Amino acid sequence: EQQLSQSEMLTFDEALPWLRYVRMHGVKQFITMFRELKDLTSDELLWGDEIEYHLVHFDVDKRTVKVALRAAEVLAELRQKEHQLGRRDGFGEACSWHPEYGAWMVEGTPRVPYGGYTADLRRVEMNMRLRRKRLAAVLKSTEHALTIPAFPLLGVGEFTEPNAKPDNQVTQSSTAPDALITPIPRFHALTRNIRLRRGSKVDIRVPLFADVNTDAAALAEGIKMDAMAYGMGCCCLQVTFQARDIDESRHLYDHLAVLAPVMLALTAATPILHGKLADTDVRWATVAASVDDRTPHERGVAPSDADPAHTPERLAQLAGGGVAALPKSRYESISVYLANCGGCSKSYNDINPPVDQEAMDMLMGAGIDPELAQHVAHLFVRDPLVIMKDRIELDDTETDHFENLQSTNWQTVRWKPPPKAKSCGPIVGWRVEFRSMEVQLSDFENAAFTTFVVLVSRVILAFGLNLYIPLSKVDENMRRAHHRDAFTQEKFWFRKHMAPPQQPVADPDECEEMTILEIMVGKETYFPGLIPLIFAYLEAIQCDPETWQQMQTYMDFIRRRASGQLATAAKWMRRKVATHPSYQHDSVVPSDVAYDIVQACTAIAEGRAREPMVLGKQWIPPLRTDDAYYVPLKHATIQRGQREALLESYA
Ligand code: ADP
Ligand code: MG
Ligand code: MG
Ligand code: MG
Ligand code: MG
Ligand code: MG
């Protein structure tokens, strides 16, 4: 990050003549990297989660909550303390802290990835708790870390602490000042260049929830948001795995893509956006629209006459001449299976996404198989958004230009090739990142979903399962995942036979619509369900009893969520709004309602309040900011008065 902020970036106009150069060399760099690393294998299963946090500021007298624009300071302090404390107060765990798009957000990961043993599954929640504790330790007494995807009052009234200057040169937003963007030049450049490429500020529209008093005009307009911060200011939960080799990484990529919409619906936690109740439950479409840099031609809408941003000369310099139809934004569900095994019939790749033909020809010419070529050529229908002045004319053994496009194609699953080897440090292999899940209120839930995804990935490999369905059906599932209460009210396309059926069937390839509960626990005799398969797998590998027990708690929680016995955070928050005395049943979430909800969210996360609707009887241990595990056993002196009281209470 430091390096990025020190070297200068081209302005959008300066970048125009270089866009094609960067894209073509990005493809060449991919080809060079692929040739060098395609046979790289990794013995170790490594994996890790990422959690993003909002920093919020409460004023308990005024009953207001705002985003605390202190991430830069907090991050510096976290990193410094992390360096000092290391593993000392964390049961052998340590954390790593990263900047995020919002100036009120941070991202935390385990310091080193978890490993490939059953006991590593138990580290997740411990590490997440340590992160929350270390974060709490550097926050002011008025500040808390909040883990829901969207801060409910973003862009409403005075919603930042300190109050932000109204500057909006970068976003041109009428509600989201530039001070919301983390002061790293790259984030500002991303924001500005998305707007400039598009030719107008972003235009996010989410359907408004219709309540009894909702204004008809408001309903027709929906929730309108006009800045990248509304989307990239959302927090999520991600899980990255290292695969054994490139083939396994491609196989996992495809299978996790099928699961992405299901897990999005099951983790739904975004019912409120920009101070209003949405008619959808998840963040995804909002983020997609928040980084939509497509020109009107590309989006398939009429371009405005004499648009100075899109003169023929300027358009000609963009990818696809700036006019090729692009049905999706840069932040979207995947459009190509990497399909490299017998189980994947080519017919599943039924979306026919746009590709950059020049890139496609280069990749195919280099002997890369059609599916992988299509994947990469699809990434390269986009333009580079940020180009560093001193990193343009590079050797094709570098990876900057490939990474430039790779890191700004934000899909439900990311296929991560190994980074360029450093002279020191471990060799990192072929990885896959699962990116669809909404961050959860508590670390218990975040750990449950993280370990679920890890175990499902193991089950897929160990049992040789086939989850393939046509990608058009995965996209349909993605649309359904947005619906209110999709976790119980929707059905999702899923494959009937994950393994070859025992008895001959008319169509072994068939898929059908299932509830998430059926996907999780099974359907009739032909579909065993993912959770029973997880336990079959744990038995097959002779899992240690402590981990087994912990996994049972997690899987039981997930089963109860899928059954509707437990609510998603989205459902719970809707209930909180609907039953609040200040709510006028007009789909507008008043400031004090948002305050009470965010207070409740942090109280649940920090173990100060129980919420049976979301967690049942699960107890969240109170968060301590002192050295809970390293209270010295020796040197304790118990004062006289205290001694009597203690002895009495334990008598
Ligand atoms: P990004 O922000 O690009 O998604 P991060 O650097 O934040 O990536 O890391 C994502 C996750 O991957 C972290 O939880 C980290 O612990 C984990 N991780 C790091 N190295 C590996 C590896 N070799 N294999 C799998 N996961 C890894
Ligand atoms: Mg990260
Ligand atoms: Mg990142
Ligand atoms: Mg992040
Ligand atoms: Mg993010
Ligand atoms: Mg990530």
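The magnesium ion (ligand 2) lies 3.2 Å from the magnesium ion (ligand 3). Keep in mind as you look around that this is a predicted model.

**The metal site**

- Two residues, Glu50 and Glu107, coordinate the magnesium ion (ligand 2) through their OE atoms, at 2.1 Å.
- This pair brings together distant parts of the chain, since Glu50 belongs to strand 1 (residues 47-59) and Glu107 to strand 4 (residues 105-110), 57 residues apart.
- Glu50 has a relative accessible area of 14%, and buried means under 20%, so Glu50 counts as buried.
- Glu107 is buried too, because its relative accessible area is 8%, again under the 20% cut-off.

**Where two helices pack**

- Helix 4 (residues 71-85) packs against helix 5 (residues 120-138) at an angle of about 120 degrees, and their axes are 10 Å apart.
- The crossing of helix 4 past helix 5 is right-handed.
- On the helix 4 side, the contact is made by Val74, Glu77, Leu78, Lys81, Glu82 and Leu85.
- Helix 5 contributes Arg134, Leu135, Ala137 and Val138 to this contact.
- Sorted by type, the residues of the contact between helix 4 and helix 5 are six nonpolar and four charged, with no polar ones.

Notes:
Residues numbered from 1 in each chain as written. Chains lettered and ligands numbered in written order. Predicted model: local features only at pLDDT ≥ 70, side-chain atom pairs only at ≥ 80, totals over all residues. Heavy atoms only, no water. Donors = N, O, S within 2.8 Å, 3.2 Å for Na, K, Ca; no water. Helix = DSSP H or I, 4+ residues; strand = E, 2+ residues; numbered from the N terminus. Buried < 20%, exposed > 50% of the residue type's maximum accessible area, 1.4 Å probe, protein only. Axes fitted to C-alpha atoms, helices over the stretch in contact; angles between N-to-C directions. Left-handed = near helix turned anticlockwise from the far one by under 90°. Contact = heavy atoms within 4.5 Å. Nonpolar A, V, L, I, M, F, W, Y, C, P; charged D, E, K, R; others polar.
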